[in-house]
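Q: I'd like to learn how to read helix packing and sheet order. Could you walk me through it on an example?

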Amino acid sequence: MSNKPLWLIIIGVMACLLCSCTANRRLPSWIQNKPDANLYYSSVVKVSKYTPEYREKARYDALKDISMQISVMVDGSVTVSETEAWGISASDFNSIVETSTRNQLSDVELAGEYETKNEYWALYRINKENYRLQRRQNAEAAMRLAQDLMLKYDKALSGSRVDFILVITMLFQALDALSDYPDYDFKIVSGDETIHLYSELLHRLWEMSGKITLECQPCASELVARRFHNVKLSVQSLWDHQEGKPIQNLPLTLRFVRGEGDIIPSLYTDAQGKAELTIKRIKSFDSPQTLQLAIDKQAILQLSSHPLVQKMIQAQSFASVNLDLRVRRPRIIVQENTAKLSSSHLNLLKDRLREYGLEVVESLAMADYMVRLEVDSQPGAFNNALNLYSHLCTLHFTLIDTETGEALGSGSVSNIKGSGNTPEMAQQRALQEGIKKLNQETLYLEVYTKIIGF
C-alpha cells in the first residue's frame with residue numbers, strides 16, 4: 001500500500017496549524033491585551049457579522065460596558081444611606097446611574113477595529129482624565145443652572161397665584177440637571193449659610209405634596225343609574241390652605257374607586273384654580289359608588305426627562321378627594337288613558353319593566369320615565385259555527401322622559417286578534433295578546449336603547 005495518502009494528511013494538518021498560527025499573529029494586540037486601564041475606560045467587543053447592523057451593535061455593547069465601569073466608580077462614592085435619601089433602592093439607583101452615564105459618553109472614540117470573514121472586533125475607549133474633567137465641568141454647569149431655577153421657583157411661589165406647570169417644570173429641570181451627578185457634593189452659599197442644593201430641591205418636591213389641597217362641591221350626590229346626567233362638579237385647588245392661593249394649570253384626573261360610569265377623566269384648573277368636572281352617566285347599579293379626584297401623576301411624569309426624578313415622583317403622594325355617589329335604579333310609571341286595560345294587563349307590562357332592572361312607581365312625581373299607552377280596539381266577526389266572538393286591537397306606546405317632557409321613543413303592535421265565547425272575553429284576550437307581543441318586541445328595544453343600554 002502506498003504511503004502517499006498518509007503524507008497528504010500530514011501536510012494538510014501542518015498547513016492548517018501554520019495558517020492558524022499566522023492568523024493569531026495577525027490579530028491586533030488590543031484584542032488580547034486591553035489598553036492601559038490607568039489611562040482609559042475601554043471595551044473590546046466582538047460581534048458576528050451576520051448580526052444586523054453589527055457595527056452599531058458593537059458600539060452599543062461597548063458603551064454599555066464602559067458605562068458600567070464608570071458607574072462602579074460613581075457607586076463606590078455614594079453610600080447606601082444616600083441612595084435611600086433619594087427615595088429609591090440601591091439597585092434602582094445603580095441602574096439609573098449606569099443609564100445616565102451611557103447617555104453622556106459622546107466623546108468615546110473608536111480606537112481600533114478588525115474584521116474576518118465572519119467576525120468583527122472593535123476597541124472603544126475614553127480617556128479617564130479627560131472624562132473626569134469634562135464631567136466635573138458639566139456638574140458645575142448643572143449646579144449653576146439648578147441654583148438659578150430654584151431661585152426662580154421660589155420667586156414664582158411668592159405671587160398671588162401659583163402656575164403649577166411653570167413651577168414644577170422649573171423644579172424638575174433643576175433636579176434633572178443634577179441627577180446625573182449623584183457623587184458630587186452640591187453645597188452652595190445662600191445668605192449666611194451653606195446649603196446642599198440637591199437636598200433643598202428634594203425638600204421642595206416633598207413639600208409640594210403637602211401644600212396642595214383640593215375641594216369639591218358637592219361632596220356627595222344622588223344619581224340615577226343608566227341616565228344621562230351631565231352633572232357638573234365644582235373643584236377648587238389651593239396652594240397652602242392658610243394663604244389660599246389658587247393653583248392654575250394643575251392637571252387633575254377623575255376615576256371610579258367603586259362603580260362604573262362615563263366621566264371626563266382629566267382636565268386642568270383655570271386661572272382661578274377652578275375646574276368643572278362632568279359625570280355623564282352612571283352605568284352600574286351598585287350603591288354607594290365613589291369617585292376619586294386626584295392630581296394627575298402621569299401628566300406630571302411627562303414634565304421630567306430623568307428616570308431618577310421620575311422614580312421619586314412615582315413615590316410622591318399628592319392630594320386627592322373622594323366624592324360619594326348614592327345611586328338608585330331608574331323609576332318608571334305606566335299610564336293608560338283609555339281605561340281599556342285591566343290591572344292584570346298592566347301588571348304584565350310592569351313585571352316586564354322590572355325584569356329590565358327598572359323600579360316601577362305609581363306616582364308621576366317620583367318617576368324618571370313614563371310609558372304612556374293608547375289602546376284602539378273594535379269587535380271582529382262572529383263565528384256562528386263555533387259560537388265565538390272575535391276582537392281586534394292596536395296598542396301604541398310612547399316612552400317619555402318626565403324631567404324634560406321629551407318623547408324618547410315609541411312603538412306599536414297592530415291588528416292583534418282575540419276570541420272568546422263572549423264579546424268581553426274576546427276583547428280581554430286580544431288586549432292580553434297585545435301586551436305580550438308589546439313586551440316581547442318593540443317595548444324591549446326602546447327601553448334598552450333609551451334607558452338601560454350601554
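**Helices first, then the sheet**

A: Helix α6 (residues 128-156) packs with helix α7 (residues 164-178) at an angle of about 160 degrees, and their axes are 8 Å apart. Angles over 145 count as roughly antiparallel, so α6 is roughly antiparallel to α7. Keep in mind that this is a predicted model.

Q: Is the crossing of α6 and α7 left-handed or right-handed?

A: The crossing of α6 and α7 is left-handed.

Q: Which residues of α6 meet α7?

A: On the α6 side you'll find Ala-142, Met-143, Leu-145, Ala-146, Leu-149, Lys-152, Tyr-153 and Ala-156. They meet Val-167, Met-170, Leu-171, Gln-173, Ala-174, Ala-177 and Leu-178 in α7. Sorted by class, that contact has 13 nonpolar residues, one polar and one charged.

Q: On to the sheet. In what order do the five strands come?

A: Read across the open sheet and you get β18-β17-β19-β20-β21, with mixed pairing. To spot the edges, look for strands that have a single partner: here those are β18 (359-360) and β21 (407-420), so one side of each is left without a neighbour in the sheet.

Q: How many bridges join β17 to β18?

A: Two bridges join β18 to β17 (residues 331-336), and these strands run parallel. To find the spot, look for Arg-331, which stands opposite Glu-359 in β18.

Q: Which strands does helix α12 lie across?

A: Helix α12 (residues 423-440) lies across β19 (369-383), β20 (388-401) and β21, running at about 140 degrees to β21. Helix α13 (residues 442-452) lies across β17, β19, β20 and β21, and runs at about 165 degrees to β21.

How values were computed. Residues are numbered from 1 along each chain as its sequence is written. This is a predicted model: local features need pLDDT of at least 70, side-chain atom pairs count only at pLDDT 80 or more; totals for chains, interfaces and linings use all residues. Side-chain values use heavy atoms; hydrogens and water are left out. Axes are lines fitted to C-alpha atoms, for helices over the stretch in contact, and angles run from 0 to 180 degrees between N-to-C directions. Helices (H or I, at least four residues) and strands (E, at least two) are DSSP runs, numbered from the N terminus. Angles under 35 degrees count as roughly parallel, over 145 as roughly antiparallel, 65 to 115 as roughly perpendicular and the rest as oblique. A crossing is left-handed if the near helix is turned anticlockwise from the far one by less than a right angle, and right-handed if clockwise. Contact means heavy atoms within 4.5 Å. Ala, Val, Leu, Ile, Met, Phe, Trp, Tyr, Cys and Pro count as nonpolar, Asp, Glu, Lys and Arg as charged, and the others, Gly among them, as polar. Two strands pair if DSSP finds at least two bridges between them.
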